[in-house]
Amino acid sequence: MRIGIIGTGVAGSLLAEALQAKPGVEITAFERAAPGDHAEAGTGLNIGPNALKALRLHMPARHASLRAASLPWERWFIDLADGTRLFDLDMRDVAEEPGVRIRWSELYRLLREPLAGRTRNGHVLEALEEDAAGRLVPVFRTAEGLARDGGFDLLVGADGRYSRLRALTAGEPDSLPLNVCIWRLLVTDVADCPYDDYGQWFNGPHRLLSFRVPGGAVYIAGAFPLPEDGQIPEALKTPAAQRALFAPADAPPGPAVAWMLDRMATEFDDIHWARVATAPMLRQAAGGRALFLGDSAQAMVPTLGQGATQAVECGVVAGMVLASGGTADEVAALRDPRAGFVRDFSVEASDTLRAGADVVAGTRAKMQPAFLAKLRRLYTDVA
Ligand SMILES: Cc1cc2nc3c(=O)[nH]c(=O)nc-3n(C[C@H](O)[C@H](O)[C@H](O)COP(=O)(O)OP(=O)(O)OC[C@H]3O[C@@H](n4cnc5c(N)ncnc54)[C@H](O)[C@@H]3O)c2cc1C
């Protein structure tokens, strides 16, 4: 079986690694980035315990290398901006092992390492053709011009949220906005940072999120509701306007919020601004000849840190199924209910980010048995 993998991000790298030595399977991975170029990934991220469980069960060497390159995500606390604590969770109460905190560039380096010399880098998927046997033939733009590598029995779209393979086989997906802005920043002047593990700080529905990552850096993300037109007002893109959103009006900010706002103001030009959105889920297209994994199938809202986490589950599960001679339908049967649950739960957990939210009541509800049971399902219910 000839399998072409488009994109060696999270899902594509893991799938390629799982399939690369399997008899009867010939894989070729195509990636638009140059070898060793992980520069598009400037920030940090947290990966959930469920991804670690999937790796531990099915790709133990990758589990060990990810642990070694990261810090453990052992705790999750939620404070008000003045420092009042609302929520404090030991991740082991809802998971079998901690998650991890890591830099993006390090995650990509680690996942792409086993594919060194086996990936066609500098290949940007541009178009699709068919061969005489009805197999899909991807057409790539390269520095030398257009390139083809023949027909594939299965093409895997692991090319992220703006998947070209999905657009070519099923049209551009609708964007389903949450009407929330999220900005992200990685700061490296962190000697006096007053916290370590994963925290969130709310001032109304305006939320800062932050944690340390390896290499002496701290990841900071700010989120706030957008006006009804869904656009990020230019007037809010100043340090003073952001400070007014995240600092309490009637009390001094707690030490963590004060520290983040100072770092944010100093490194304001490095902020990456985005709008939070999901897209309709799609696992297969082109009569089963195209299979989608990770963001190309199930773009998530970032609220529960499940984007890359679900891409890990996708890569591991698809690797397990296809390596044992299973089909894309079997991958879909395992992944669709799970990804649907995680996507819906991530949207549900975004309640405290919406305009007019009662953040105190919404956060306290997250310490109640119903929410904790869902978290336990999220973090442990892995194929
Ligand atoms: C700043 C930021 C912070 C985030 N934080 C978190 C977090 O804390 N926790 C979490 O779980 N998720 C987080 N996410 C979400 C996470 O990035 C994605 O969900 C995850 O990367 C999806 O993995 P993937 O394998 O589907 O796609 P990606 O990792 O996006 O990989 C896609 C790959 O395809 C390649 N590619 C794209 N188009 C083409 C093409 N036409 N031809 C060839 N190659 C192509 C790209 O170069 C890339 O290598 C964050 C996202 C961003 C942007």
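Reader: At about what angle does helix 1 run to strand 1?
Author: In this predicted model, helix 1 lies across strand 1, strand 2 and strand 12 (154-157). Helices (H or I, at least four residues) and strands (E, at least two) are DSSP runs, numbered from the N terminus. Axes are lines fitted to C-alpha atoms, for helices over the stretch in contact (heavy atoms within 4.5 Å), with angles from 0 to 180 degrees between N-to-C directions. Against strand 1, helix 1 runs at about 155°.

Reader: What kind of model am I looking at?
Author: Residues count from 1 along each chain as its sequence is written, and side-chain values use heavy atoms, without hydrogens or water. Local features need pLDDT of at least 70 and side-chain atom pairs 80 or more, while totals for chains, interfaces and linings use all residues, since this is a model of the kind called predicted.

Reader: Which residue stands opposite isoleucine 5 in strand 2?
Author: Strand 1 (residues 2-6) joins strand 2 (residues 26-30) over 5 bridges, in the parallel sense; two strands pair if DSSP finds at least two bridges between them. Across from isoleucine 5, strand 2 places alanine 29.

Reader: Which strands stand at the edges of the open sheet of 6 strands?
Author: That sheet has mixed pairing and the order 8-2-1-12-19-18.

Reader: In strand 16, which residue is the bridge partner of leucine 186?
Author: Strand 13 (residues 176-187) pairs antiparallel with strand 17 (residues 272-278) over 6 bridges, and isoleucine 182 stands opposite alanine 274 there. Strand 13 also pairs antiparallel with strand 16 (residues 217-225), over 8 bridges. In strand 16, leucine 186 meets tyrosine 219.

Reader: And in strand 7, what is the bridge partner of asparagine 46?
Author: Start with the open antiparallel sheet of 3 strands, ordered 3-7-4. Its edge strands, strand 3 and strand 4 (71-73), each pair on one side only, and the twist averages 30° from one strand to the next. Strand 3 is joined to strand 7 (residues 99-103) by 4 bridges. In strand 7, asparagine 46 is partnered by arginine 101.

Reader: Now the ligand: which element gives the largest share of its shell?
Author: The ligand is surrounded by 32 residues, each with a heavy atom within 4 Å of it; the closest are Glu31, Asn46, Tyr108, Asp295 and Gly305. By type, the shell holds 13 nonpolar, 12 polar and 7 charged residues (Ala, Val, Leu, Ile, Met, Phe, Trp, Tyr, Cys and Pro are nonpolar, Asp, Glu, Lys and Arg charged, the others, Gly among them, polar). The largest share, 4 residues, comes from helix 9.

Reader: How much of the ligand's area does the protein bury?
Author: Oxygen atoms of the ligand lie 3.0 Å from a polar backbone atom of valine 10, 2.8 Å from a backbone N or O atom of glycine 305 and 3.2 Å from one of threonine 309. Of the 990 Å² that the ligand exposes taken alone (Shrake-Rupley method, 1.4 Å probe), the protein buries 87%.

Definitions and conventions
A polar contact is a pair of N or O atoms within 3.5 Å; within protein, one must be able to donate a hydrogen and the other to accept it, and residues adjacent in sequence count only if both atoms are side-chain atoms.
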